[in-house]
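Dear colleague,

I am passing on the structure below, followed by notes on what was found in it. Please read the notes with the coordinates open beside you.

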Amino acid sequence: MPDFFVTMGVGLCILMFLTLVRAFRGPTAIDRIIGVNVIGTKTTVLLVIIGIVYGRVDMFVDISLAYALLNFIATLAAARYFQHHKELRETGFFLRKRDRR
Amino acid sequence: MIWCFDFIILLMLVTCAFAAIWSKGLLSAGMILSAYSFLMALLWTEMGAVDVAFTEAAVGAGVSTVFMIAVVYHTRRFIQPRRYGRMFFKLMGLLATLILGGLSLYAASDFPSWADPSEPASLHVAPYYIENTIRDTAVPNVVTSVLADYRGFDTMFETTVILTAGLVAHAVLRRLGRRRDPNRKTNDGRPVEAHTSIVVQRIARIMVPFIQLYALYVVAHGHHSPGGGFQGGVILGASFILVGLAYNIQTVLARFSEPLGVLLANTGVLLYAGIGVACMVLGANFLDYGILSRVLPGTSPVMARSHAMLGVEIGVAIAVSAIMVSIYINTASKGYHDQGL
């Protein structure tokens with residue numbers, strides 16, 4: 001049975017990697033924000049799975065709850081940022097002069 | 001099989017670190033560092049350091065990314081291209097990285113293997129703490145008893161460091177007696193006061209009481225489960241930050257005014273130090289809680305240590321939550337305390 005949960009955890013880790021690719025490549029900043037938010041959601045589940053593997057769910061579920069309650073605050077802050085700054089694309093090298101503030 | 005976890009998480013951590021450095025947009029770098037913090041918490045959990053993972057969870061998910069975004073909001077979002085000496089700085093940076101990285105890799109080969117019982121760190125005082133914490137303090141969570149009792153002196157000054165950080169942020173950022181034009185425009189010509197969303201406000205209204213209740217649970221239950229004053233304080237502060245994000249800075253200030261914040265931050269540290277001084281007054285050493293059984297009715301010295309630890313944790317929680325709210329308000333409103341992120 002623990003093998004089942006470890007396999008599931010590793011599978012979730014691989015899915016997390018795919019989300020991370022979106023967070024890195026992003027074309028727009030919104031893609032990155034959503035990518036990071038999904039990583040947070042997966043972390044919540046993974047923490048409980050690690051707890052089951054170690055046989056101490058009561059210890060690990062607290063951390064998971066903290067993520068479940070607080071995970072969206074950073075996303076909300078980033079979303080508030082884009083209410084003021086509408087420039088979403090981050091090409092990096094080819095910034096127009098207006099964006100270099 | 002568990003090494004698969006380690007391998008994937010470490011791989012993702014290194015990728016995150018590289019991506020954060022490479023990213024030209026500072027906001028994206030902040031978001032990637034937030035993902036880094038998630039992965040770090042996972043790694044610590046996987047290694048069994050649940051209290052450290054909890055701190056990372058509370059700080060990383062709750063406040064640190066919000067602080068970074070608030071700072072980027074008031075400075076600039078993209079890295080300025082440097083005009084002179086670029087190649088020289090790059091070469092020097094590469095040289096320094098290679099030397100320091102090589103030295104750390106060289107030192108890493110001497111490290112004891114993970115969870116080795118004969119490593120130096122677990123030979124001296126650690127076995128004493130693990131074997132005697134129930135007998136001495138009746139606290140099942142060894143981390144809490146080490147933090148608040150055996151090593152209480154260190155924790156007191158850690159709290160003082162946080163207080164200093166909060167006071168410095170207040171002293172540097174706060175602009176007293178000046179007001180900004182409420183009808184001013186942002187750099188790209190939009191009104192500053194962003195329209196608020198009814199969905200976000202309703203969700204915040206529902207979530208905030210639960211977050212605060214959970215924060216109190218984390219503080220009070222730190223003796224038995226991961227958590228304690230610091231984590232609970234950060235979660236409590238994050239709930240006020242959520243109010244500030246969903247509504248505005250004025251809504252937070254109406255509930256958590258500036259003088260109250262400064263007062264609570266100092267009260268928290270004073271409560272910690274006061275418990276220590278109370279021990280001295282009763283004739284024991286500073287922060288030697290056992291003697292408090294003389295004033296706490298119906299307690300043995302062992303239970304007095306347990307209760308005094310709770311008092312100390314409450315002090316830490318009060319200080320930390322007040323300072324987190326204060327730092328957020330000062331960074332988000334650039335010290336004007338009128339409009340925020």
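Two residues are taken to be in contact if their C-beta atoms, placed from the backbone, lie within 7 Å. The model is a predicted one, in which local features need pLDDT of at least 70 and side-chain atom pairs count only at pLDDT 80 or more, while totals for chains, interfaces and linings use all residues. Residues are numbered from 1 along each chain as its sequence is written, and chains are lettered from A and ligands numbered from 1 in the order in which they are written.

The contact between the chains draws 56 residues from chain B and 49 residues from chain A. On the side of chain B that touches chain A, two or more residues each come from helix H1 (2-22), helix H2 (26-46), helix H3 (50-74), helix H8 (198-220) and helix H9 (229-246) of chain B, where helices (H or I, at least four residues) and strands (E, at least two) are DSSP runs numbered from the N terminus. That side of chain B divides into 38 nonpolar, 12 polar and 6 charged residues, with Ala, Val, Leu, Ile, Met, Phe, Trp, Tyr, Cys and Pro counted as nonpolar, Asp, Glu, Lys and Arg as charged, and the others, Gly among them, as polar.

In chain B, H1(B) has 21 residues and reaches 31 Å from its first C-alpha to its last, close to the 30 Å expected at 1.5 Å a residue (1.5 Å times one less than the number of residues). Its buried residues are B:Phe5, B:Ile9, B:Met12, B:Cys16 and B:Ala19; they cover an arc of only 90 degrees around the axis, which puts them on the same side of H1(B), the arc being that of the directions from the helix axis to the C-beta atoms. Helix H1 (2-25) of chain A, together with H2 of chain B, is included in what covers these buried residues of H1(B). The exposed residues on the other side of H1(B) are B:Trp3, B:Phe7, B:Leu10, B:Val14, B:Phe18, B:Ile21 and B:Trp22.

With kind regards

Notes: Buried ≥ 20, exposed ≤ 12 C-beta atoms within 10 Å, placed from the backbone.
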